[in-house]
Amino acid sequence: MYNVQCTPYKCTAYNDNGGVLVKVDHLNLAKTLDCGQAFRWECIGEGRYHGYYVNRELYISETDDGILFENITEDEFRSVWYDYFDLGTDWGEIRARLSQDPTLKLACEKCEGLRILRQDPWEGLIAFIISQNNNIPRIKSILARLVEHFGGFPTAEELASETVESLQFLHSGYRARYLIDAGKMVSSGEISLEACRKMSYSDAKKELMRICGVGSKVADCTLLYGLGFMEAFPVDVWIKRAVAKYYPDGLPECTKGIEGIAQLFLFDYIRSEET
(Lines give C-alpha, C1' and ligand atoms only; values in the text may rest on other atoms or scores of the structure.)
Protein backbone atom coordinates (compact mmCIF):
# COMPACT_ATOMS: atom_id res chain seq x y z
CA MET A 1 0.00 0.00 0.00
CA TYR A 2 1.33 3.43 -0.87
CA ASN A 3 0.01 6.95 -1.17
CA VAL A 4 1.03 9.54 -3.75
CA GLN A 5 0.73 13.28 -3.22
CA CYS A 6 0.30 14.89 -6.64
CA THR A 7 1.22 18.56 -6.88
CA PRO A 8 0.09 21.19 -7.55
CA TYR A 9 -3.20 19.33 -7.82
CA LYS A 10 -3.90 16.81 -5.06
CA CYS A 11 -4.86 13.24 -5.83
CA THR A 12 -4.21 9.94 -4.11
CA ALA A 13 -2.97 6.71 -5.59
CA TYR A 14 -2.41 3.29 -4.08
CA ASN A 15 -1.41 -0.20 -5.00
CA ASP A 16 -4.32 -2.32 -6.19
CA ASN A 17 -3.24 -5.84 -7.09
CA GLY A 18 -0.59 -4.84 -9.59
CA GLY A 19 -1.99 -1.50 -10.61
CA VAL A 20 -2.46 2.07 -9.48
CA LEU A 21 -5.82 3.52 -8.52
CA VAL A 22 -5.98 7.29 -8.74
CA LYS A 23 -8.69 9.49 -7.30
CA VAL A 24 -8.71 12.60 -9.45
CA ASP A 25 -11.36 15.06 -10.55
CA HIS A 26 -12.12 16.18 -14.09
CA LEU A 27 -10.89 13.13 -16.00
CA ASN A 28 -13.33 11.26 -18.18
CA LEU A 29 -11.65 8.55 -20.27
CA ALA A 30 -14.22 8.52 -23.08
CA LYS A 31 -14.09 12.29 -23.48
CA THR A 32 -10.31 12.43 -23.31
CA LEU A 33 -9.30 9.36 -25.30
CA ASP A 34 -12.00 9.50 -28.00
CA CYS A 35 -11.90 13.22 -28.84
CA GLY A 36 -9.41 13.05 -31.72
CA GLN A 37 -6.27 14.26 -29.98
CA ALA A 38 -4.65 10.78 -29.80
CA PHE A 39 -5.13 7.81 -32.09
CA ARG A 40 -3.70 4.76 -30.34
CA TRP A 41 -6.48 4.12 -27.84
CA GLU A 42 -9.37 1.70 -28.18
CA CYS A 43 -12.39 1.23 -25.96
CA ILE A 44 -12.47 -2.46 -25.00
CA GLY A 45 -15.38 -2.37 -22.56
CA GLU A 46 -17.54 0.03 -20.65
CA GLY A 47 -15.17 2.67 -19.29
CA ARG A 48 -12.08 0.55 -20.13
CA TYR A 49 -9.38 1.40 -22.68
CA HIS A 50 -6.23 -0.10 -24.13
CA GLY A 51 -3.51 2.06 -25.64
CA TYR A 52 0.07 3.19 -25.83
CA TYR A 53 2.51 5.97 -25.10
CA VAL A 54 5.06 5.25 -27.84
CA ASN A 55 5.82 1.60 -26.86
CA ARG A 56 4.53 1.69 -23.27
CA GLU A 57 1.31 -0.28 -23.12
CA LEU A 58 -1.54 0.49 -20.74
CA TYR A 59 -4.96 -0.85 -19.80
CA ILE A 60 -6.94 1.82 -17.96
CA SER A 61 -10.49 1.88 -16.66
CA GLU A 62 -12.96 3.97 -14.72
CA THR A 63 -14.18 2.42 -11.47
CA ASP A 64 -16.41 3.59 -8.66
CA ASP A 65 -13.26 4.32 -6.66
CA GLY A 66 -11.31 6.21 -9.32
CA ILE A 67 -9.20 5.68 -12.43
CA LEU A 68 -7.44 2.31 -12.41
CA PHE A 69 -4.09 2.05 -14.20
CA GLU A 70 -3.89 -1.71 -14.59
CA ASN A 71 -0.80 -3.90 -14.16
CA ILE A 72 1.79 -1.16 -13.78
CA THR A 73 4.20 -0.24 -11.02
CA GLU A 74 4.31 2.92 -8.98
CA ASP A 75 7.52 3.90 -10.79
CA GLU A 76 5.89 3.58 -14.20
CA PHE A 77 2.88 5.55 -13.01
CA ARG A 78 5.12 8.36 -11.80
CA SER A 79 7.53 8.36 -14.76
CA VAL A 80 5.07 7.99 -17.65
CA TRP A 81 1.35 8.10 -16.98
CA TYR A 82 1.21 10.83 -14.34
CA ASP A 83 2.48 13.35 -16.89
CA TYR A 84 0.70 11.80 -19.88
CA PHE A 85 -2.70 12.30 -18.25
CA ASP A 86 -1.58 15.67 -16.87
CA LEU A 87 -2.45 14.75 -13.30
CA GLY A 88 -0.31 17.58 -11.95
CA THR A 89 -2.56 20.29 -13.39
CA ASP A 90 -5.62 21.66 -11.65
CA TRP A 91 -8.21 21.23 -14.37
CA GLY A 92 -10.88 22.58 -12.05
CA GLU A 93 -9.07 25.92 -12.08
CA ILE A 94 -8.79 25.81 -15.88
CA ARG A 95 -12.51 25.10 -16.22
CA ALA A 96 -13.33 27.95 -13.84
CA ARG A 97 -11.19 30.34 -15.86
CA LEU A 98 -12.69 29.36 -19.22
CA SER A 99 -16.19 29.48 -17.71
CA GLN A 100 -15.90 33.26 -17.43
CA ASP A 101 -17.09 33.18 -21.04
CA PRO A 102 -20.74 32.02 -21.47
CA THR A 103 -20.10 29.80 -24.49
CA LEU A 104 -17.01 28.18 -23.01
CA LYS A 105 -18.92 27.68 -19.76
CA LEU A 106 -21.45 25.60 -21.67
CA ALA A 107 -18.62 23.76 -23.44
CA CYS A 108 -16.91 22.95 -20.12
CA GLU A 109 -20.17 21.62 -18.70
CA LYS A 110 -20.94 19.58 -21.80
CA CYS A 111 -17.39 18.23 -21.99
CA GLU A 112 -16.77 17.50 -18.30
CA GLY A 113 -13.70 15.35 -17.84
CA LEU A 114 -12.05 16.32 -21.11
CA ARG A 115 -8.38 17.21 -20.78
CA ILE A 116 -5.28 17.51 -22.94
CA LEU A 117 -2.94 14.54 -23.03
CA ARG A 118 0.80 15.26 -22.92
CA GLN A 119 1.97 13.05 -25.76
CA ASP A 120 5.45 12.17 -26.96
CA PRO A 121 6.37 14.83 -29.55
CA TRP A 122 7.78 12.39 -32.13
CA GLU A 123 4.78 10.09 -31.86
CA GLY A 124 2.49 13.11 -32.05
CA LEU A 125 4.23 14.58 -35.08
CA ILE A 126 3.89 11.33 -37.04
CA ALA A 127 0.27 10.83 -35.98
CA PHE A 128 -0.73 14.36 -36.94
CA ILE A 129 1.04 14.13 -40.31
CA ILE A 130 -1.07 11.04 -40.97
CA SER A 131 -4.19 12.79 -39.67
CA GLN A 132 -4.31 15.57 -42.24
CA ASN A 133 -7.37 15.31 -44.50
CA ASN A 134 -8.17 11.98 -42.89
CA ASN A 135 -10.82 10.48 -40.61
CA ILE A 136 -10.16 8.95 -37.20
CA PRO A 137 -10.79 5.25 -38.11
CA ARG A 138 -8.40 5.51 -41.08
CA ILE A 139 -5.77 7.35 -39.03
CA LYS A 140 -5.89 4.56 -36.44
CA SER A 141 -5.62 1.89 -39.13
CA ILE A 142 -2.55 3.50 -40.71
CA LEU A 143 -0.86 3.87 -37.34
CA ALA A 144 -1.67 0.26 -36.46
CA ARG A 145 -0.07 -0.95 -39.70
CA LEU A 146 2.96 1.25 -39.07
CA VAL A 147 3.49 -0.15 -35.57
CA GLU A 148 2.88 -3.74 -36.65
CA HIS A 149 5.40 -3.47 -39.47
CA PHE A 150 8.19 -2.07 -37.29
CA GLY A 151 7.36 -4.15 -34.23
CA GLY A 152 6.76 -0.96 -32.24
CA PHE A 153 6.49 2.72 -32.90
CA PRO A 154 9.22 3.51 -35.45
CA THR A 155 12.13 5.78 -34.62
CA ALA A 156 13.06 8.74 -36.78
CA GLU A 157 16.03 6.75 -38.07
CA GLU A 158 13.81 3.89 -39.15
CA LEU A 159 11.45 6.13 -41.09
CA ALA A 160 14.36 8.04 -42.63
CA SER A 161 15.59 4.81 -44.24
CA GLU A 162 12.27 4.11 -45.96
CA THR A 163 11.05 5.05 -49.44
CA VAL A 164 7.61 5.92 -50.73
CA GLU A 165 7.54 2.48 -52.37
CA SER A 166 8.55 0.63 -49.19
CA LEU A 167 5.76 2.39 -47.26
CA GLN A 168 3.02 1.43 -49.71
CA PHE A 169 1.74 -1.12 -47.19
CA LEU A 170 0.53 1.80 -45.06
CA HIS A 171 -1.97 2.95 -47.71
CA SER A 172 -1.24 6.47 -46.49
CA GLY A 173 -1.15 8.07 -49.94
CA TYR A 174 0.82 11.28 -50.35
CA ARG A 175 1.56 11.34 -46.60
CA ALA A 176 4.26 8.66 -47.00
CA ARG A 177 6.83 11.12 -48.31
CA TYR A 178 6.01 13.50 -45.46
CA LEU A 179 6.71 10.74 -42.94
CA ILE A 180 10.06 10.02 -44.58
CA ASP A 181 11.02 13.71 -44.60
CA ALA A 182 10.11 14.02 -40.93
CA GLY A 183 12.28 11.00 -40.19
CA LYS A 184 15.23 12.43 -42.11
CA MET A 185 15.05 15.88 -40.56
CA VAL A 186 14.65 14.62 -37.00
CA SER A 187 17.19 11.78 -37.23
CA SER A 188 19.81 14.09 -38.76
CA GLY A 189 19.32 16.66 -36.03
CA GLU A 190 18.24 19.30 -38.53
CA ILE A 191 15.03 19.49 -36.51
CA SER A 192 15.24 18.96 -32.74
CA LEU A 193 11.88 18.46 -31.10
CA GLU A 194 13.41 18.96 -27.67
CA ALA A 195 14.98 22.24 -28.80
CA CYS A 196 11.53 23.35 -29.95
CA ARG A 197 10.33 23.15 -26.34
CA LYS A 198 12.71 25.97 -25.43
CA MET A 199 11.73 28.25 -28.32
CA SER A 200 8.97 30.80 -28.43
CA TYR A 201 5.68 29.51 -29.82
CA SER A 202 6.12 31.35 -33.13
CA ASP A 203 9.71 30.17 -33.59
CA ALA A 204 8.84 26.57 -32.72
CA LYS A 205 5.98 26.61 -35.21
CA LYS A 206 8.22 27.95 -37.97
CA GLU A 207 10.76 25.25 -37.16
CA LEU A 208 8.24 22.42 -37.46
CA MET A 209 6.84 23.83 -40.69
CA ARG A 210 10.25 23.29 -42.30
CA ILE A 211 9.28 19.61 -42.50
CA CYS A 212 7.71 18.73 -45.85
CA GLY A 213 3.94 18.45 -45.46
CA VAL A 214 3.75 20.07 -42.03
CA GLY A 215 1.41 23.01 -42.37
CA SER A 216 -0.11 25.28 -39.76
CA LYS A 217 -2.59 22.77 -38.34
CA VAL A 218 -0.16 19.83 -38.06
CA ALA A 219 2.44 22.10 -36.48
CA ASP A 220 -0.07 23.47 -33.98
CA CYS A 221 -1.32 19.99 -33.07
CA THR A 222 2.26 18.84 -32.46
CA LEU A 223 3.02 21.95 -30.41
CA LEU A 224 -0.14 21.67 -28.33
CA TYR A 225 -0.39 17.93 -27.72
CA GLY A 226 3.27 16.93 -27.99
CA LEU A 227 5.31 19.90 -26.83
CA GLY A 228 3.10 21.60 -24.26
CA PHE A 229 2.44 24.92 -26.01
CA MET A 230 -0.99 25.63 -24.55
CA GLU A 231 -1.33 28.75 -26.70
CA ALA A 232 -1.19 26.72 -29.94
CA PHE A 233 -4.58 26.83 -31.67
CA PRO A 234 -5.09 24.13 -34.32
CA VAL A 235 -7.76 25.15 -36.81
CA ASP A 236 -9.87 22.70 -38.81
CA VAL A 237 -13.34 23.02 -40.33
CA TRP A 238 -15.02 22.55 -36.92
CA ILE A 239 -12.95 25.22 -35.22
CA LYS A 240 -13.46 27.61 -38.14
CA ARG A 241 -17.18 27.08 -37.69
CA ALA A 242 -17.00 27.59 -33.93
CA VAL A 243 -14.96 30.79 -34.19
CA ALA A 244 -17.23 32.20 -36.89
CA LYS A 245 -20.32 31.36 -34.85
CA TYR A 246 -19.21 32.37 -31.35
CA TYR A 247 -16.13 34.57 -31.65
CA PRO A 248 -16.13 36.56 -34.91
CA ASP A 249 -14.27 39.36 -33.11
CA GLY A 250 -11.67 37.05 -31.55
CA LEU A 251 -11.35 34.77 -28.56
CA PRO A 252 -12.24 36.11 -25.10
CA GLU A 253 -9.57 37.34 -22.69
CA CYS A 254 -10.04 34.33 -20.40
CA THR A 255 -8.41 32.10 -23.05
CA LYS A 256 -5.14 34.04 -23.22
CA GLY A 257 -2.21 31.66 -22.93
CA ILE A 258 -4.47 28.59 -22.96
CA GLU A 259 -6.09 29.06 -26.36
CA GLY A 260 -5.30 25.44 -27.22
CA ILE A 261 -7.31 24.16 -24.28
CA ALA A 262 -10.22 26.38 -25.30
CA GLN A 263 -9.89 24.96 -28.82
CA LEU A 264 -10.22 21.40 -27.54
CA PHE A 265 -13.39 22.20 -25.60
CA LEU A 266 -14.88 24.16 -28.52
CA PHE A 267 -14.04 21.34 -30.95
CA ASP A 268 -15.82 18.76 -28.83
CA TYR A 269 -18.69 21.11 -28.02
CA ILE A 270 -19.58 22.21 -31.55
CA ARG A 271 -19.37 18.66 -32.88
CA SER A 272 -21.79 17.48 -30.17
CA GLU A 273 -24.14 20.37 -30.94
CA GLU A 274 -24.18 19.93 -34.71
CA THR A 275 -23.99 16.15 -35.19
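Which residue takes a positive phi in the hairpin of strand 4 and strand 5? Let's look at that spot first, then at two others. This is a predicted model, where local features need pLDDT of at least 70, side-chain atom pairs count only at pLDDT 80 or more, and totals for chains, interfaces and linings use all residues. Residues are numbered from 1 along each chain as its sequence is written, and side-chain values use heavy atoms, with hydrogens and water left out.

**View 1. The hairpin of strand 4 and strand 5.** Val54 is the one with the positive phi, near 55°, in a hairpin with two residues between the strands. Strand 4 (residues 48-53) and strand 5 (residues 56-63) run antiparallel, joined by six bridges. (Strands are DSSP runs of E, at least two residues, numbered from the N terminus; two of them pair if DSSP finds at least two bridges between them.) Find Tyr49 and you'll see its bridge partner in strand 5, Ile60.

**View 2. Strand 5 meets strand 6.** Here's another antiparallel pairing: five bridges link strand 5 to strand 6 (residues 66-70). Thr63 has Gly66 as its bridge partner in strand 6.

**View 3. Helix 5 against helix 6.** Helices here are DSSP runs of H or I with at least four residues. Ile126, Ala127, Ile130 and Ser131 in helix 5 meet Ile139, Ile142, Leu143 and Leu146 in helix 6, where contact means heavy atoms within 4.5 Å. By class, that's seven nonpolar residues, one polar and no charged (Ala, Val, Leu, Ile, Met, Phe, Trp, Tyr, Cys and Pro count as nonpolar, Asp, Glu, Lys and Arg as charged, the others, Gly among them, as polar).
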